[in-house]
Amino acid sequence: MHMASNEDVFKKIISHAKEYGFVFPSSEIYDGLSAVYDYGPFGVELKNNIREYWWKSMVQYHENIVGVDAAIFMHPTVWKASGHVDAFNDPMIDNKDSKKRYRADVLIEDHMAKIEEKILKEVEKARSRFGESFDEKMFRETNPRVKENQDKIDAIRTRFYPALDRNDLEDVKKLIEELGIVCPISGSRNWTEVRQFNLMFSTQMGSVNEDANEIYLRPETAQGIFVNFLNVQKTARMKIPFGIAQTGKAFRNEIVARQFLFRMREFEQMEMQYFVKPGEELTWYEYWKQQRMKWHLSLGIPKEKYRFHNHEKLAHYANAAADIEFHFPIGFKELEGIHSRTDFDLGAHQKYSGKKLQYFDTETNENYVPYVVETSIGLDRTFLAVLSHAYKEEKLEDGSERVVLSIPAFLAPIKVAVLPLVKKDGLPEKAREIMDTLMYDYRCFYEEKDTIGRRYRRMDALGTPFAITIDHQTLKDNTVTIRDRDTMRQERIEVSKISEAVREKISTSSF
Ligand code: GAP
C-alpha cells in the first residue's frame, strides 16, 4: 500500500481547504500575501464554532471568569512595559546568493534535528535486528556512531543557547559557519551577519508626520487584559481567584512563514489570564494545564495526538511554563501555552503607568499585586489541528473513494444538508418546507443540483454530519432518510423527529 508522506498529506489538506471554501490565500488575485490567509464560507463557520466553544468553556462554564474585547491598538508604552519593544526579537540571517531570509536559531535547530534523525535511524535498525531483547538506553550509551552524534548535538546545545542568552550574535554566526550549514535554496554558505529582528508591526497614529506617534499592532491579546485588570475587577465585582478571557487578532512579522495556518503574520488568539494570590500560582498552573488538556480531548481527538512540553528554559517573566503540542502533519508542534507569569506584567504596568494595580483582599485585609496564570491558544492552529485530524481519504466497499472531514458534529460548519432526491414532483417544495423549520436552530445547506451520490460526497468533503433526503415517500408519509456522514448509514425517520435527532448528536461533550 502506498503511504502518503506527511508533507503530501499537508499539501492535500491545504488544497482541500481551498477547493472547498475553508481557507484562501489572502489577496489571491494578486498572487497572495505571504503568511496571511482568508477564511471562506465554510472555514468561517468552523472557526466561529471553535471560538464559541472555547468561549463557552471558559466564560460560560466558569462563574469566576469574565470576558473583554480590547482594542488592537494600545498606548505605545504598553509594549515598552511588557518587554516587547526591547525583547520580542528573533535572530535572522540572509543568504547572499539566494537572497532568502532565515531564522538563525531555526537553521541551527534544524541541523540538530538532522543529527537526531541519524540517531533514530540507527536505533530503529538495531531494534529490528535485536527484536524483543533490545535495550534502547544501553544501545544509545554504547554504540559509537550514536554516541558521536549525541556528543555533536550536546556540543551545539551548550554553545548555542548561552550565546543566544548573551545576545552574542557573532558567535551564532560563527556556529552556523563552523557547522557548515548551507542555504537550502542556493546551497551556499555565503551568509550575512546575524541581526535581531523585532516581530512587532508598527504604524503611525495621527494626521501629520510631525505629530504622529509610532504605535504597534498588538503581538498578543494578553496586554489588553492586564491593562484592564482593575476596570474588570471593580465593575464585575470579581474576587480572587478570577479570570479574564479574550479572543482577537494578533500580529507578528514572522521571519519564516511557510507553514500555512501554523505560522501566520495575522492570526487570532484565545487567551485567559487567571489572577491568583501570590504563592498559589503553581497550584493553579497545574490545574489549568490539566483543564486545558481535557478541553482538547473533548474535541474527540485521541490523546496520542497531544503531549505536554515543559519548558526548561523559562522566559524572564515566568516561573513555570508548558506547551500543549499537537501532532500536526508537519510534526509535533506548539498549539497552546500555559504560563505562570508571576506579577511581571501587572508589576511592570504599575511601574510604567504610575497607577496602582493591586487587589484588596477582604479576608486578610491585605493589598497585593496578583500573580497570573495564563492559557494562550491560537485559534488558527486549533482550526488546523481539527481540520488535519478530520481529513480522511477512504476506499469504500464498492471500490470507489471518498474524502471525508470527520469534524466533531458540534463544530461542523454545516449541521444538516437538505436534499430533494430529484428536482421535480414537488420534492423541492417539500424540502424547502423542512429547511424552514430547521434553519433557525441549525446551519443548514440546501442543494438540488447533481445526482444524490455526488451531493453526499460534497457534504462529506465539507464535514456535514447529517444529510436529509426528501423522496417520493416523504410526500406520502412525511418521513425522510437521514444519512450519517461517518457510517454512511441511512435511516428513515419522521420529519418531526429530525430536529431532536440532530440536537442529540451535536450537544457538546462535557469535560
Ligand atoms: N500571551 C502569550 C503568548 O502570546 P505565545 O506562545 O507567543 O504566547 C500563544 O502564543 C499561542 O498563539 C501559540 O501557542 C500559538 O497557538 C499562537 N500563535 C503564536 N504565533 C502564531 C503565529 N505566527 N501564527 C499562528 N498562531 C500563532
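Predicted model: local features only at pLDDT ≥ 70, side-chain atom pairs only at ≥ 80, totals over all residues.
View 1. In the domain assignment, domain 1 comprises 50-74 + 218-396 and domain 2 comprises 90-196, while domain 3 covers 414-506.

**View 2. The area buried between domain 1 and domain 2.** About 550 Å² is buried between domain 1 and domain 2, with carbon and sulfur atoms giving 62% of that area. On the domain 1 side, the residues that lose the most area to domain 2 are Ile255, Arg258 and Lys313, which together account for 75% of what that side buries. The count of salt bridges between domain 1 and domain 2 is zero.

**View 3. Helix H1 (residues 6-19) and its two faces.** The end C-alpha atoms of helix H1 are 20 Å apart, in agreement with the 20 Å that its 14 residues should span at 1.5 Å a residue. The buried residues of H1 are Phe10, Ile13, His16 and Ala17, and they lie on the same side of H1 because they cover an arc of only 125 degrees around the axis. An α-helix has 3.6 residues a turn, so residues three or four places apart point the same way. The exposed residues Glu7, Lys11 and Glu19 are carried by the face of H1 turned away from its buried side.

View 4. H1 is followed by Gly21, which has a positive phi, near 75 degrees.

Key: Residues numbered from 1 in each chain as written. Heavy atoms only, no water. Helix = DSSP H or I, 4+ residues; strand = E, 2+ residues; numbered from the N terminus. Expected span 1.5 Å × (residues − 1). Buried < 20%, exposed > 50% of the residue type's maximum accessible area, 1.4 Å probe, protein only. Arc of directions from axis to C-beta. Domains from an automatic or database assignment. Buried area = accessible area lost by both parts, 1.4 Å probe. Salt bridge = Lys/Arg side-chain N within 4 Å of Asp/Glu carboxyl O.
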